[in-house]
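Please keep the sequence and the 3D view open while reading.

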Amino acid sequence: MPLLPPTLQLRAYQAVSALALCSILADIAYVLYWGLMPIDVSGTLMGGGYGQLMYMMRWCVTLAGLGVCSLVGLPGHRLAWGAAGMLQVGIGLWWRVGYPTDENLIYLPEAGDITSAIVIGLGTTALAVWRSRAARVRVGTAAMAPRSVMALALILGYLGVPLHEWLSEPLPYCSFDKAGNQLTICLGDEPRVYR
């Protein structure tokens with residue numbers, strides 16, 4: 001015997017699925033905004049490539065989340081792929097139009113990298129529009145429970161973890177743990193901060 005009537009169960013399933021997709025899209029927007037932002041990396045270690053690598057890996061993780069939504073068949077996953085592509089195009093155009101023109105400084109990502117991101121976003125959107133014509137599959141009541149659990153796991157992963165990261169206080173410079181292990185960089189004669 002089901003805990004909820006079928007119509008209420010369907011609405012709860014759709015709401016959890018929509019929240020999971022929106023949390024992944026919010027994470028994509030965050031990653032794209034900071035990852036495509038042109039930053040002066042003149043004089044930094046490895047030309048600032050570590051930051052770009054971090055954003056690229058996180059972008060891949062967010063796209064993997066959308067892939068899981070597609071494999072599971074959450075309602076609205078095709079629309080989410082199109083929205084992800086449009087986010088990439090919009091944010092890429094924003095940073096491409098406002099790209100700095102100071103030739104004495106080195107900026108990452110380069111203008112060509114941002115243009116490549118725009119093209120990838122256009123391709124993703126076109127693929128989502130093309131795939132939206134595919135036949136829609138009706139979900140049985142028995143399949144809603146495991147899919148809802150998967151959607152809740154995606155919400156925790158793509159909304160809970162970034163919220164915890166954004167709301168947590170960053171470590172101060174020259175911080176050490178109680179065992180004496182260095183946690184952050186010490187520049188000059190800064191006093192040690194123990195956590």
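How many salt bridges does a search of the whole structure find?

1. The search finds one salt bridge. A salt bridge here is a side-chain nitrogen of Lys or Arg within 4 Å of a carboxyl oxygen of Asp or Glu. The partners are R58 and D27, whose side chains meet at 3.0 Å, N to O. Because R58 lies in helix 2 and D27 in helix 1, the pair ties together parts that are 31 residues apart in sequence. As background, side chains of opposite charge can pair when their charged atoms come close. R58 counts as buried at 19% relative accessibility, and D27 is buried with a relative accessible area of 4%. The classes are buried (under 20% relative accessible area), exposed (over 50%) and partly exposed (in between), with a 1.4 Å probe and protein chains only.

2. A word on the source. This is a predicted model, in which local features need pLDDT of at least 70 and side-chain atom pairs count only at pLDDT 80 or more, while totals for chains, interfaces and linings use all residues. Residues are numbered from 1 along each chain as its sequence is written, and side-chain values use heavy atoms, with hydrogens and water left out.

3. Overall layout. The protein chain has five helices and four strands. Its pattern along the sequence is α-β-α-α-β-α-α-β-β. Helices (H or I, at least four residues) and strands (E, at least two) are DSSP runs, numbered from the N terminus. The chain has 195 residues, of which 30% count as buried.

4. The cavity. How many cavities of 30 Å³ or more does the count come to? The count comes to one cavity of 30 Å³ or more. On a 1 Å grid over the protein atoms alone, a cavity is a set of points where a 1.4 Å probe fits but cannot get out; a pocket is an open set with protein on both sides within 12 Å along at least five of seven lines; lining residues have an atom within 4 Å of a point. Grid points are joined across faces, edges and corners, and a volume is the space filled by probe spheres set on the points. The largest cavity holds about 40 Å³ of space. Its lining is made of I28, L32, W59, L63, A84, G85, Q88 and T124. Helix 1, helix 2 and helix 3 each give two or more residues to this lining, and the largest share, three residues, comes from helix 3. By class, the lining of the largest cavity has five nonpolar, three polar and no charged residues. Ala, Val, Leu, Ile, Met, Phe, Trp, Tyr, Cys and Pro count as nonpolar, Asp, Glu, Lys and Arg as charged, and the others, Gly among them, as polar.

5. The second largest pocket. This pocket has about 330 Å³ of space. It is lined by 15 residues, and those closest to its centre are G35, L36, Q52, M56 and A117. Helix 1 (6-35), helix 2 (49-72) and helix 4 (111-131) are the elements that give two or more residues to its lining. The lining of the second largest pocket divides into ten nonpolar, four polar and one charged residues.

6. Helix 3 (residues 77-97). W94 has its place in this helix and counts as exposed, at 59% relative accessibility. Together with Y33 and W34, W94 forms a nonpolar patch on the surface, with about 360 Å² of accessible area in total. G92 is also found in helix 3, but G92 is buried, with a relative accessible area of 0%. Patches are made of residues with over 30% relative accessible area and no salt bridge, where like charges are joined within 9 Å and nonpolar side chains (Val, Leu, Ile, Met, Phe, Trp, Tyr) within 5 Å. Accessible areas come from the Shrake-Rupley method with a 1.4 Å probe, and for residues only the protein chains shown count as cover.

7. Helix 5 (residues 141-167). L156 has its place in this helix and counts as exposed at 62% relative accessibility. L156 and A20 are 136 residues apart in sequence and 8.6 Å apart in space, C-alpha to C-alpha. V149 is found in helix 5 too, and V149 counts as exposed at 55% relative accessibility. The C-alpha atoms of V149 and S17 are separated by 9.7 Å, and the two residues are 132 residues apart along the chain.

8. A cis peptide bond. Most peptide bonds are trans. The bond from L108 to P109 is cis, with omega near -5°. P109 lies in the loop between strand 2 (107-108) and helix 4.
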